[in-house]
Amino acid sequence: MVSAGTHETFPSNCAFGFTMISTEGAEGGGDQPCFRLEPLNAHLSGKAGETHLLYGDTDATSKVTANGVQDIEDRILRITGYYGYYPGYSSHRREEGSESRADTPGSEASVEGTSYQTCANTVLKVLGGLLLVLCVSSSWVGTTQLVQLTFKSFSCPFFISWFSTNWNILLFPLYYGGHVVTTRDKQTPIQKFRECSKLFGEDGMTLKLFLKRTAPFSILWTLTNYLYLLALRKLTATDVSALYCCHKAFVFLLSWIVLKDRFMGVRIVAAIMAITGIVMMAYADGFHGDSIIGVALAVGSASTSALYKVLFKMFLGSASLGEVAHFLSTMGVFNLIFISFIPLILYFTKVEHWGSLSSLPWGYLCGLAGLWLVFNILVNVGVVLTYPILISIGTLLSVPGNAAVDVLKHEVIFSVVRLAATCIICLGFLLLLLPEEWDSVTLRFLAAFADKKSEEHGEELTESSIHTRSRSRANGTVSIPMA
């Protein structure tokens with residue numbers, strides 16, 4: 001109760017609380033409780049020392065604003081028992097919000113800068129990949145056409161294959177030269193050679209591992225090149241390059257059977273298309289003579305190439321650029337030491353006979369070996385620097401490139417069956433380039449496209465209805481909804 005005749009005034013922004021006081025009663029002299037309305041600020045000021053002990057220095061967070069909003073918020077949070085409340089909570093939250101808003105522009109700028117840099121790197125990588133595609137395709141077309149030019153004066157395919165493979169010895173020295181130019185932390189040739197030798201095992205390359213790991217791959221490499229060159233003596237460059245693209249289908253089949261890779265229906269379809277193209281190519285000239293032999297040789301070259309790649313993945317796994325350069329140079333050394341006797345045997349048996357060394361077409365041979373070396377460098381460097389799919393596309397583009405040269409220079413006329421077979425093989429090759437998650441990615445893209453179209457249609461309907469209402473209002477017409 002408030003005593004009669006006393007009037008106290010309080011600020012408009014002041015909260016109130018009840019305080020119990022005791023007065024000596026007239027009757028019986030007992031204590032009678034009495035209540036008086038007092039400002040709550042007096043109680044809160046008395047608790048300041050306790051809150052200071054509990055929460056530390058709150059000078060920065062206990063400043064009251066001019067209109068008292070902060071003080072009221074603190075009392076409401078304290079009375080309602082908000083979890084994590086302490087005096088000055090509301091002002092602290094506001095300060096945090098202002099700090100976060102102050103930090104937001106800088107963080108957004110950094111995110112934008114990072115995204116811009118990522119996009120720029122991606123664009124440069126794609127442009128470099130497209131340039132690399134043209135270089136890979138041009139080098140392979142040049143190699144194939146130069147082989148046929150060489151055959152006019154020097155028809156010794158195994159010697160050409162052996163001579164070109166020896167040039168692989170230069171791969172590791174070229175790689176080391178690039179390493180010295182592009183890196184600051186330079187290593188000696190011996191240190192780099194030992195580092196790249198870990199591809200053969202933790203102990204590096206020993207004589208046993210050199211023979212065990214290099215011999216099978218060197219034999220498959222030589223067979224691939226030799227069969228490819230033999231096929232070029234029987235068929236046009238376009239047919240051989242198209243049939244060689246079937247190696248991608250053989251790689252999938254062998255990986256599925258031997259390496260237990262994931263089964264994909266679209267790749268089975270691509271493999272069937274490749275086989276269909278092979279049969280059609282053999283049928284183009286009626287299954288006789290040079291045509292069927294040339295098709296068999298080209299398919300054999302594609303098969304040995306696929307076996308080489310699958311075995312490399314099985315025994316050696318993924319390798320860095322330096323390890324690949326080291327491995328190819330090692331195969332070149334093996335070819336020079338252990339396979340040099342085969343050209344001599346073919347020479348003395350007059351299977352591949354040539355005159356004196358001075359009579360050999362060294363210009364064609366060196367140009368051919370150089371282009372083959374450039375092709376191997378571009379393929380292995382391109383896989384590291386850009387997307388592997390672009391290297392495969394570069395190999396595929398050698399088919400129309402060879403076709404253009406055959407038509408324009410050699411005046412080759414392709415039959416309808418041969419053109420259809422080439423197109424089917426190339427289409428199967430493209431299907432094999434699809435990623436493993438292509439179906440789910442395609443479904444997500446179609447769903448997002450459908451959602452976007454529906455949103456655009458809804459926005460168009462909304463805009464048209466608003467436009468119709470505005471026109472009706474302008475004309476003075478009112479539409480009355482039906483009950």
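Trainee: What makes the contact between Arg-418 and Asp-239 a salt bridge?
Mentor: The closest N and O atoms of Arg-418 and Asp-239 are 2.6 Å apart, and a salt bridge is defined as a side-chain nitrogen of Lys or Arg within 4 Å of a carboxyl oxygen of Asp or Glu, so the pair qualifies. Arg-418 lies in helix H18 and Asp-239 in helix H9 (residues 237-244), so the bridge ties together parts that are 179 residues apart in sequence. Helices here are DSSP runs of H or I with at least four residues, strands are runs of E with at least two, and both are numbered from the N terminus. Keep in mind that this is a predicted model, in which local features need pLDDT of at least 70 and side-chain atom pairs count only at pLDDT 80 or more, while totals for chains, interfaces and linings use all residues. Residues are numbered from 1 along each chain as its sequence is written, and side-chain values use heavy atoms, with hydrogens and water left out.

Trainee: How many salt bridges does the structure hold, and which side chain meets Lys-192 in one?
Mentor: There are 2 salt bridges in the structure, and Lys-192 is paired with Glu-195 at 3.7 Å, N to O. Both residues lie in helix H7 (residues 189-196), 3 residues apart, about one turn of the helix.

Trainee: Why is Lys-192 called buried, and what is Glu-195 called?
Mentor: Buried means under 20% relative accessible area, exposed means over 50%, and partly exposed lies in between (1.4 Å probe, protein chains only). Lys-192 has 7% relative accessibility and therefore counts as buried, whereas Glu-195, at 35%, counts as partly exposed. In the other pair, both Arg-418 and Asp-239 are buried.

Trainee: How do you know whether Thr-304 is buried or exposed, and which residues does it touch?
Mentor: Its relative accessibility is 13%, so Thr-304 counts as buried. Thr-304 is placed in helix H12 (residues 289-315) and, leaving aside residues up to four places away in sequence, touches Leu-220, Leu-223, Thr-224 and Leu-227, a contact being heavy atoms within 4.5 Å.

Trainee: Why do Lys-350 and Glu-411 count as exposed?
Mentor: Lys-350 counts as exposed because its relative accessibility is 63%, and Glu-411 does so because its value is 65%. Lys-350 is in the loop between helix H14 (341-348) and helix H15 (362-385), and Glu-411 is in the loop between helix H17 (398-408) and helix H18 (416-432). Although neither is a glycine, Lys-350 has a positive phi of about 60° and Glu-411 one of about 55°.

Trainee: What lines the largest cavity, and how is that lining made up by class?
Mentor: A cavity is a set of points, on a 1 Å grid over the protein atoms alone, where a 1.4 Å probe fits but cannot get out, and lining residues have an atom within 4 Å of a point. The lining consists of Ser-164, Thr-165, Asn-168, Trp-221, Asn-225, Trp-372 and Asn-376. Helix H5 (157-166), helix H8 (207-232) and H15 each give two or more residues to this lining. By class there are 2 nonpolar, 5 polar and no charged residues.

Technical notes: On a 1 Å grid over the protein atoms alone, a cavity is a set of points where a 1.4 Å probe fits but cannot get out, and a pocket is an open set with protein on both sides within 12 Å along at least five of seven lines; lining residues have an atom within 4 Å of a point. Ala, Val, Leu, Ile, Met, Phe, Trp, Tyr, Cys and Pro count as nonpolar, Asp, Glu, Lys and Arg as charged, and the others, Gly among them, as polar.
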